[in-house]
Amino acid sequence: MQITSIDDLQKAKGTGLNQLYPDKPKILVGMATCGRAAGAQRVYDLLHKKAQQEHWDGVVEKTGCIGFCYKEPLVDAIFPGKPRITYGEVTPEIAGALWEELAAGRIPEKQIMARLDMDDMVLNGGPRKFFKGKLKGFLAKTPRYEDLDFFKLQRHIAMRNCGFIDPDNLLHYIARGGYFPLYTTLTTMTPEEVINVVTFAGLRGRGGGGFPTGVKWASCRKAQGWPKYVLCNADEGDPGAYMDRSLIEGDPHAILEGMLIGAYAIGSSEGYIYVRAEYPLAVKTLQRAILSAREAGLLGENIFGTGFNFDIKLNLGGGAFVCGESTALMASIEGKPGEPRAKYVHTVDKGLWNRPSNLNNVETWANVPVIIGKGADWYRDIGTEGSKGTKIFSLVGQVKNVGLVEVPMGVSIKDLVMQVGGGVPENREFKAIQIGGPSGGCIPKEHWDLPIDFDSLWDAGAIMGSGGMIVMDNSTCMVDVAKFFLDFLIDESCGKCIPCRLGLKRMREILEEFSAGKGSLADLDEMESLSEAVKDGSLCALGGSAPNPVLTTLRYFREEYEAHILQQKCPAAVCKELITYTINPELCNGCTACVAECPQDAITGDKKKPHSLDTSLCIKCGACFEVCKFGAVAVA
Amino acid sequence: MSVTFKALENILEHYPPSSEHLISALQDVQAKFKYLPPEAMTAVCDHLGVPLSRGWAVATFYKTFSLEPQGEHDVAVCLGTACHVRGAHNVYEKFRRELEITGQEGTTRDLKFSLRQVRCLGCCSMAPVAQVDEEIHGNLSQRKAGHLLRTYRTR
Ligand SMILES: Cc1cc2nc3c(=O)[nH]c(=O)nc-3n(C[C@H](O)[C@H](O)[C@H](O)COP(=O)(O)O)c2cc1C
Ligand code: SF4
Ligand code: SF4
Ligand code: FES
Ligand code: FES
């Protein structure tokens, strides 16, 4: 279907709405990568097959990630005139039983997580109510999305379509208001007006740095040179962050539309998306989205008959963290090793192939259509003074509700962890939150009232980063975490700058000493001065921010370092050289589970009698600790 | 799989002779042979008109490329931050012991498994996580890791 006029767009929207909310029942299966990992593909196949075999008058469809990752696989039932019902943990084993009920037109109560009474739609003229009148029975008592602690503080703007549409269906995207902002842009706005709206909205880059998006666009528009390139950074290298991938897998057209609007504002007709090759589903989803947009005439020449041309190519990254850095990314697209270069010449002036280039992050692009569609004032109302809008975080680690959450800027760390995340599991204690990935830092409980926005986090020694938020509890050792990030950065440094290449190695050696109970307090000072040297002497931000994880742990958890150095103790019982495994004879009932797991034959004893552990043989692998159901294996 | 002229031809015909396609072409070679055989590297560089040294510079820079033949099953264990704080390190060591890999990463002598580390498979909600070939396995423990290898050994 060609979409070249407003009539075409309206027609596509009508068809799309009929597909989104048909006059018959519909079953949705969450099929982003983490859903698939939990078995969603098999669930989908089963439901799909049953529907076909039984000639069911309904629709079985796939959708993206709504954020409830800890309850995967997710299945939703949408019956005409009924609220949308979300079922959690629908494993392939129980999907058959759920099918029997749904196929018979019943809404079973088991496994229900929540109901949704209306679809907010964000872009498409207000909410759509699913039913009239009052709910009866258990449905009335089923919590609504907005009643759940996990959702109460959330507001989905960038994720507006994730979990609602089939990402491969262009018409679904249009049905929820997509590509209307592009139409408005191309037919009623000058490029300068677009830039002004984005600037006034206060949008800042979501890829880490928080640079004002409109300002970047304006400089690229002003830059001399042709052609100009519009790029999307989908490299997502922060280990523990997967929001960009989910956006791509759940709503690829939001990114394409954002880039189209940006390209018009900047004056570009060629775009690239640099996406990690390790994200096969995201790559495929983007390929399909680009094809369908091209077929519809939404990418290519003379879009909406306005004379505006723009097309997008995909480029697969080769798995190097440093390629997320703007100049390295551009080198990589050119087919070179991804080494950053000095940025005294800005990439907006001379970037890809020495032409003016504008790079933004996936989530940044996904926000753009909403800003145009709803207006800058609407957008400015969300968030804090200096940080407007929402931010998606992947809330992971030692937290009960692991998932993707999109909250207005300014929510406190405490609310995010305790309310949205449901706190740390198994009655352990919250210790710190790691934010900003390898360039960020660990923020302790004393500061958990901190509002999450670009500037507050900066003041606390961390950065917003791309949105990975890793919750740590008292089983995490801060010296070990510092070591972990240094390992990562040493591995990922491109090696061009000596302070980054060697300084980090030296810091790593000192940390190694600490975790072996060696070293002295004076070494702590050496760490600090090395950190300064690495910060100052590195070309790119990888080196420039590399010491942050070390510095924040030193700043907030100095006593833990001191325990390693002065008392040869690892309080979290992580550092191998400082811990011993023992068996408590009073708790051991001789079940022999650990004996089978021990690679060293270090555990001996008679069946049903307390066992003993030979510490001289033990390699501290922790396997016995893991399998003992009686808590008889102790580590300290 | 042996490196045939035909297989390389099939890959190279997609690319016009220009250096910007170096990484993509090598990615295709890697996907086809699971590593970069030297004769394939020569063919790619010749076709695209880039010096061989540039080809190897790219191949050693990016993690997706391996220079050695890979095992039948690819075991990628996540050591991302979320997995790390949930004990991925011990799980990784279990894989190393079971597969008798002496270095940090490597391939078993029988060419059955290759073990490697990755950072974030994007399934942090199921940390610790490993991916064997295309399939992701979550909530791993050392014991589960052992089971997992046994199921692939008998496949
Ligand atoms: C080492 C390093 C890695 C980076 N990785 C990413 C990344 O994976 N994704 C991303 O969007 N930005 C990443 N960035 C930030 C980008 O350089 C760039 O600032 C960003 O993509 C610009 O887009 P934005 O203004 O929309 O945030 C990284 C920066 C550095 C220094
Ligand atoms: S700071 Fe490190 S990663 Fe960045 S350019 Fe220098 S050596 Fe490479
Ligand atoms: S920690 Fe490992 S080596 Fe030590 S006793 Fe337990 S299972 Fe055996
Ligand atoms: S809810 Fe499925 S990936 Fe998050
Ligand atoms: S950190 Fe392991 S899957 Fe994300």
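A residue counts as near a ligand here if one of its heavy atoms lies within 4 Å of that ligand. With that in hand, welcome to a set of close-ups of a predicted model, which scores ipTM 0.90 and pTM 0.94.

**View 1. The surroundings of ligand 2 in chain A.** Let's start with the shell around ligand 2, which is made up of 13 residues. The closest of them are C494(A), K496(A), C497(A), C500(A) and C540(A). Sorted by class, the shell of ligand 2 holds eight nonpolar residues, four polar ones and one charged residue.

**View 2. The surroundings of ligand 3 in chain A.** Next comes ligand 3, and its neighbours can be picked out by name. Around ligand 3 you will find Y581(A), C598(A), Q600(A), I603(A), L613(A), C618(A), I619(A), K620(A), C621(A), G622(A), A623(A) and C624(A). By class, nine of these residues are nonpolar, two are polar and one is charged.

**View 3. Helices α21 and α23 of chain A, packed against each other.** Two packed helices are described by the angle between their axes and the distance between the axes. For α21(A), residues 521-537, and α23(A), residues 548-556, the angle is about 145 degrees and the axes lie 10 Å apart. The crossing of this pair is left-handed. On the α21(A) side, the contact is made by L524(A), M527(A), E528(A), S531(A) and K535(A), while α23(A) brings in N548(A), V550(A), L551(A) and L554(A). The contact between the two helices has five nonpolar, two polar and two charged residues by class.

**View 4. Two cis peptide bonds in chain A.** E72(A) and P73(A) are joined by a cis peptide bond, with omega at about -10 degrees. P73(A) sits in the loop between β2 (59-63) and β3 (75-78) of chain A. Another cis bond runs from W226(A) to P227(A), where omega is near -5 degrees. P227(A) belongs to the loop between α10 (213-222) and β8 (229-234) of chain A.

**View 5. A positive phi at E236(A).** E236(A) is a residue other than glycine, yet its phi is positive, near 30 degrees. To find E236(A), look in the loop between β8 and α11 (243-250) of chain A.

View 6. Our last stop is chain B, which contains seven helices and five strands. Following the sequence, these elements come in the pattern α-α-α-α-β-α-α-β-β-β-β-α. The C-alpha trace of chain B spans about 50 × 30 × 25 Å along its principal axes. Chain B is divided into domain 1 (5-61) and domain 2 (73-153), and the centres of these two domains, taken over C-alpha atoms, are 29 Å apart. The average pLDDT of chain B is 92, and 99% of the residues score at least 70. Within chain B, confidence is lowest in helix α1 (residues 5-12), at a mean of 89, and highest in helix α6 (residues 88-99), at 96.

Note on methods. Residues are numbered from 1 along each chain as its sequence is written. Chains are lettered from A and ligands numbered from 1 in the order in which they are written. This is a predicted model: local features need pLDDT of at least 70, side-chain atom pairs count only at pLDDT 80 or more; totals for chains, interfaces and linings use all residues. Side-chain values use heavy atoms; hydrogens and water are left out. Ala, Val, Leu, Ile, Met, Phe, Trp, Tyr, Cys and Pro count as nonpolar, Asp, Glu, Lys and Arg as charged, and the others, Gly among them, as polar. Axes are lines fitted to C-alpha atoms, for helices over the stretch in contact, and angles run from 0 to 180 degrees between N-to-C directions. Helices (H or I, at least four residues) and strands (E, at least two) are DSSP runs, numbered from the N terminus. A crossing is left-handed if the near helix is turned anticlockwise from the far one by less than a right angle, and right-handed if clockwise. Contact means heavy atoms within 4.5 Å. pLDDT is the predictor's confidence in each residue, from 0 to 100. Domain bounds come from an automatic or database domain assignment.
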